[in-house]
Amino acid sequence: MPKPSPEKTRGKPEPVDIQVGLRIRMRRALLEITQMALAEAIGVTFQQVQKYEKGTNRVGASRLQQIADALDVPVAYFFEDMPGGAAEGGDSIVKAKLQPEIMEFMSSSECLALVRAFSRITDERVRSRTIGLVKAMAEQDRLCL
């Protein structure tokens, strides 16, 4: 079996570890569970949960199952939309480049606040207009760059 190069084994976390960590953080934040509460549920320190969420420390299979149980999701949840995964058509390069930014945003407090507020809008027309407004603002911002 080939040995991994030294560059691969130290320093920067692997993309899969980052993906799993972001999904842990996103689900934990969505459920409004603190790092301390998750840590207690799985029998580690909150610092260890921080390391898992950053991808600094890899999550072993049994620990990932404990986390999935604590967050009430299947283990497969942590691997959905994996960066660099099989993608159909010519958009695969674009998807691979956007994926980490999207995942990072989705696990941010701003995204969670936005989703919570948006989900409370019951009028379908208001929801549609809100999406239109955000798209127009994003396009204007893109043109100003």
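Select helix 6 (92–106), helix 7 (109–119) and helix 8 (124–144): each supplies at least two residues to the lining of the largest pocket. Keep in mind that this is a predicted model.

**Stop one: the pocket**

Now show the lining itself. Select Phe105, Met106, Cys111, Leu114, Val115, Phe118, Ser119, Thr130, Ile131 and Val134. The space they line has a volume of about 210 Å³.

Which helix gives the most to this lining? Color helix 7: the top contributor, with 5 residues.

Next, color the lining by class. Expect 8 nonpolar residues and 2 polar ones.

**Stop two: a helix pair**

Move to helix 3 (residues 35–42) and helix 5 (residues 61–70). Their axes lie 9 Å apart. The two helices pack at an angle of about 120°. Is that roughly perpendicular or oblique? Angles of 65 to 115 degrees count as roughly perpendicular, and the angle here makes helix 3 oblique to helix 5. Turn the view to look across the pair: the crossing is right-handed.

**Stop three: the contact**

Zoom in on where these two helices touch. On helix 3, select Leu38, Ala41 and Ile42. On helix 5, select Arg63, Gln66, Ile67 and Ala70, which meet them. The contact of helix 3 with helix 5 divides into 5 nonpolar residues, 1 polar and 1 charged.

Technical notes: Residues numbered from 1 in each chain as written. Predicted model: local features only at pLDDT ≥ 70, side-chain atom pairs only at ≥ 80, totals over all residues. Heavy atoms only, no water. 1 Å grid on protein atoms, 1.4 Å probe; cavity = no way out; pocket = protein on both sides within 12 Å on 5 of 7 lines; lining within 4 Å. Points joined across faces, edges and corners; volume = space filled by probe spheres on them. Helix = DSSP H or I, 4+ residues; strand = E, 2+ residues; numbered from the N terminus. Nonpolar A, V, L, I, M, F, W, Y, C, P; charged D, E, K, R; others polar. Axes fitted to C-alpha atoms, helices over the stretch in contact; angles between N-to-C directions. Parallel < 35°, antiparallel > 145°, perpendicular 65-115°, else oblique. Left-handed = near helix turned anticlockwise from the far one by under 90°. Contact = heavy atoms within 4.5 Å.
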